[in-house]
Amino acid sequence: MTQDRIAALEAVAGRVRVCTLCRLSETRTNAVPGAGNPLAEILFIGEGPGFNEDKQGLPFVGQSGKYLEKLLALIGLTRADVFIANVVKCRPPENRDPLPDESSACKPYLDEQEMLIDPFVVVTLGRFSMARYFTNAKITQIHGQPKYEDRRAILPLFHPAAVLRNPGLQDAMAADFRRIPELVAEMKARRQGGASAAAPSGDGSGGDASGKPTQLSLF
Ligand code: URA
Ligand code: SF4
């Protein structure tokens, strides 16, 4: 099963690297499919590759990435523990915002990654990935407040680059980040059929059908 999942994720990455479904393929150096632990309990979703990511074909390797690594250290994790992906896999020219047709063209890849990884918690970084789960929401109003789906919690956070530009957000960002471990534990208990008091009623299916091993023992 695990091997199947790794192979399937690698197949998605292979398709992303040669994708020409939107105009961003014309200006990219490298597509950035995403990287990390295929069995991750936490999936981080950013906006799209920037200059450094486009050069290296890896997500969050610039200044935002350094900050993200510091935040992960706050909860005892490294980037190898989690999976990091983006809403669009190719860099928008001059780091402009992704256009709606680009995000929709790229959506099936992220959908597939989320399904295969099947994380307990999805952490959205910034407005564009928040919009995948929350319609008409304002990040300043809902950051740090999880939304519960059947199999996972979605936690909307500020984008690391926004916090670097506005250091006044640092404390809120750190506080939001520290909620992640408890959310993972809550969703894990819920999937195991435990009647988790903290989580709203679920599908009652019980059990982790994925057979995923528990790789994050600190939770
Ligand atoms: N910002 C993002 O949103 N994604 C990256 O991969 C890097 C910076
Ligand atoms: Fe394909 Fe996504 Fe890159 Fe557009 S951004 S070319 S849809 S991989």
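Helices (H or I, at least four residues) and strands (E, at least two) are DSSP runs, numbered from the N terminus. By this rule the protein chain has 10 helices and 6 strands. The structure is a predicted model, in which local features need pLDDT of at least 70 and side-chain atom pairs count only at pLDDT 80 or more, while totals for chains, interfaces and linings use all residues. Residues are numbered from 1 along each chain as its sequence is written, and side-chain values use heavy atoms, with hydrogens and water left out.

Consider first the chain as a whole. A residue is called buried under 20% relative accessible area, exposed over 50%, and partly exposed in between (1.4 Å probe, protein chains only). Of the 219 residues of the protein chain, 49% are buried. Contact means heavy atoms within 4.5 Å. Among contacts between residues at least 6 apart in sequence, 73% join residues at least 24 apart.

On a 1 Å grid over the protein atoms alone, a cavity is a set of points where a 1.4 Å probe fits but cannot get out, whereas a pocket is an open set with protein on both sides within 12 Å along at least five of seven lines; lining residues have an atom within 4 Å of a point. Grid points are joined across faces, edges and corners, and a volume is the space filled by probe spheres set on the points.

The largest pocket has a volume of about 600 Å³. Its lining consists of 29 residues, and E47, S64, H159, A161 and R165 lie nearest its centre. At least two lining residues come from each of α3 (51–56), α4 (63–74), α6 (127–130), α7 (139–142) and α8 (160–165). For the classes of residue, Ala, Val, Leu, Ile, Met, Phe, Trp, Tyr, Cys and Pro count as nonpolar, Asp, Glu, Lys and Arg as charged, and the others, Gly among them, as polar. The lining of the largest pocket then has 11 nonpolar, 12 polar and 6 charged residues.

A search of the whole structure finds 1 cavity of 30 Å³ or more. The largest cavity holds about 100 Å³ of space. Among the 14 residues that line the largest cavity, C19, C22, K89, C90 and C106 are the closest to its centre. Two or more lining residues are given by α2 (24–27) and by α5 (100–117), and α5 provides the largest share, 3 residues. The lining of the largest cavity divides into 9 nonpolar, 2 polar and 3 charged residues.

A disulfide is a covalent bond between the sulfur atoms of two cysteines. With a disulfide taken as a pair of cysteine sulfur atoms within 2.5 Å, the structure holds 0 disulfides.

Helix α5 also contains Q113 and E114. Q113 has 2% relative accessibility and therefore counts as buried. Leaving aside neighbours within four places in sequence, Q113 is in contact with L9, V12, P33, F83, A85 and K89. E114 is buried too, because its relative accessibility is 8%. With neighbours within four places again left aside, the contacts of E114 are L43, P119, V122, R132, Y133, E149 and R152. The side chains of E114 and Y133 make a polar contact (2.5 Å). A polar contact is a pair of N or O atoms within 3.5 Å; within protein, one must be able to donate a hydrogen and the other to accept it, and residues adjacent in sequence count only if both atoms are side-chain atoms.

Methods:
Chains are lettered from A and ligands numbered from 1 in the order in which they are written.
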